There are 2 protein chains.
Amino acid sequence: MQKSEQTSRPPIVGRYTAEELALASRNSGMPLEALRYDVTPAGLHYRLIHFDIPAADEFTWRLRLDGLVERPLGLSLDQLRALPARTVRMTMECAGNGRGQMSPRYPSMPWMEEGVSTAEWTGVPLATLLERAGLKSTVRELVFHGVDRGLDRGIEHAFARSLAPAEAAADGVLVAWAMNGQPLLPQHGAPLRLVVPGWYGMASVKWLARIEAVSAPFEGVQQALSYHFRKVAGEKGAPCTRMRVNSLMAPPGILDFYARKRIAAAGRIEIRGRAWSGSGAVTGVSFASDGKWTDAELDASLGEHAWRGWRASWDAVPGEHELRCRATDATGATQPLEPVWDAAGFGNNSSQSVAVTVREA
Amino acid sequence: MQKSEQTSRPPIVGRYTAEELALASRNSGMPLEALRYDVTPAGLHYRLIHFDIPAADEFTWRLRLDGLVERPLGLSLDQLRALPARTVRMTMECAGNGRGQMSPRYPSMPWMEEGVSTAEWTGVPLATLLERAGLKSTVRELVFHGVDRGLDRGIEHAFARSLAPAEAAADGVLVAWAMNGQPLLPQHGAPLRLVVPGWYGMASVKWLARIEAVSAPFEGVQQALSYHFRKVAGEKGAPCTRMRVNSLMAPPGILDFYARKRIAAAGRIEIRGRAWSGSGAVTGVSFASDGKWTDAELDASLGEHAWRGWRASWDAVPGEHELRCRATDATGATQPLEPVWDAAGFGNNSSQSVAVTVREA
């Protein structure tokens, strides 16, 4: 483990590098107008893929569950599909969402705010598999191994993450083979993906091939080095776990293709958006035009693990305006108005700001 | 028509702007490992969307075919689906693919090379609809109107493009409602899209609502201002039409996440890729390691309008290497080794270059 490597990327100020552009072209955000869909359609769900998408054959794929277990398992897709299945509607956000708004910023995927989506995942509850295998009393973590392999921070590894047994057995955690009623797509982890409701996306390990029960904390690159909140590169920091409360609106009006600016006609405009938190139910959303905050109206719940729709009415008058939104969850946490510094740009849940030019109707 | 507006974006040198990053995050390329698929899976097909994805209701959608026709048509989705359908396997490339490699570069979507994909489109041949409507003898062009609306170059408009009647009636041109056997996805033009085999993607108008037969050349923004090859901004230029011959390989080895560099183990490596042209069949592909060119082997044809697989064998020895590929089509056209200058970065079909570090096996 080369911990010193974690400081090897100098922060970036100003325009975006070729590496950031390559990451943004290869990965994919959810266009904000897709906030209109309760469940994000195929191909619009955000994707963040560290290495190459593996060429996986679902007919020969096996999921192993081994390590410190009483009865090691090796299951084909057909065997997994024969177990009682469950479908969970779940909002997932990349831990790095909002990184691109920070300055200086960490050299990685420069998400602005589009790294969030909602899907309906179908699979076998992980708790079912853990019960079948029987965890030994010495088990401290379960390590989830994907087959996607590459280098990060100079270390070659396959993507892997761990969870404590209680987190792994939690309600809604699935080994999923379907997304929105269709077989998993290659870019979303086909043929098998772990999905962990409430957590940032890195916990939902794609191309899942092995679940390993271990007695010591997992020290893999993506667990011990990456995905930590740190004020200063190199410090121990705190692991990224559950999603912080966050919200977005679909920007109103029409778009200027290159300037990426919004233009709307004067009049009453209904603003709609979504709010979510991995820590507790969304209890309120505020909406502001030019710094004047009002309460937004919450739509009906879409389920415990899914974002919540909200709407607000905006009396748009000609001129330049700034719209913002801000959610609060059941823990009392609320979004900050400005990004909270993080050395690697994780967990930026600061209030969205949308500039709109209003013209005479 | 404000022709002067076309010069209003100063060219960019060096690092990428916030606007370019926003375009790259919102749009989406095909990761090059997806060259392994004959038909690009859902969600991996590239997308280039000028404005917001419209909220379309397939149940109320009507396609109008009017203007200079004997019998104007207004067809629902059900009526269109009741007509004899055809499926066309078709490679589509964005006219701006490769723009991001040019210097200086035009401020727009900064594609490196990933703006190409192949899909199977199903729909009614446009020729069928044109016959039913009966074009009057004065028709010079057919204008295809999408409902996606926004501003470009300071002009508010809905996306629209035109074709001459003979081009529109050509074999394989469809009004498509399905892609890869599934209903069109919102980002690919649901519920209806024109698809024009052989042409750059701008001809395949998404969210198609109206086909208008007209007697004069269409002067819309996306036809007369944008999508022209020009050496100097402001000159008349030549319209972008059919795809130039082009090819890509799937980079070998594994990836370094941030450096975006490839690392492979020494030994014999099979390099695989795809080649395509909108002007004639691909007749050959050459592959080079460190400037030494050899003939690649062509796979069987996937159809007249689809890319052609190719493979080459590379004896990888430790060190730093540059791999390239270069295709030739039946017209004798071959890819240039370096980008050919275009003021707006269109049609860059220069030979792909892939840097690979080979380590001892």
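Q: How many residues does the contact take from chain A and from chain B?
A: The contact takes 62 residues from chain A and 62 residues from chain B, where contact means heavy atoms within 4.5 Å. This is a predicted model, in which local features need pLDDT of at least 70 and side-chain atom pairs count only at pLDDT 80 or more, while totals for chains, interfaces and linings use all residues. Residues are numbered from 1 along each chain as its sequence is written, chains are lettered from A and ligands numbered from 1 in the order in which they are written, and side-chain values use heavy atoms, with hydrogens and water left out.

Q: What area is buried between the chains?
A: About 5,300 Å², with carbon and sulfur atoms giving 57% of it. Buried area is the accessible area (1.4 Å probe) that two parts lose on being put together, summed over both.

Q: Which three residues supply more than any other three?
A: A:Arg15, A:Phe257 and A:Tyr258, with 16% of the area that chain A buries against chain B.

Q: And how many salt bridges between chain A and chain B?
A: The count is 4, a salt bridge being a side-chain nitrogen of Lys or Arg within 4 Å of a carboxyl oxygen of Asp or Glu. One of them joins the side chains of A:Arg26 and B:Glu33, at 2.7 Å, N to O.

Q: Where do strands of chain A and chain B run parallel?
A: S5(A) is joined by 2 bridges to strand S14 of chain B (residues 254–256), and the two run parallel. A:Leu151 has B:Asp256 as its bridge partner in S14(B). Strands are DSSP runs (E, at least two residues), numbered from the N terminus, and two strands pair if DSSP finds at least two bridges between them.

Q: Switching to the open sheet in chain B, what is the strand order?
A: S13-S16-S20-S19, with antiparallel pairing. Strands S13 (246–249) and S19 (297–298) of chain B stand at the edges, each with a single partner strand, so one side of each is left without a neighbour in the sheet.

Technical notes:
Helices (H or I, at least four residues) and strands (E, at least two) are DSSP runs, numbered from the N terminus.
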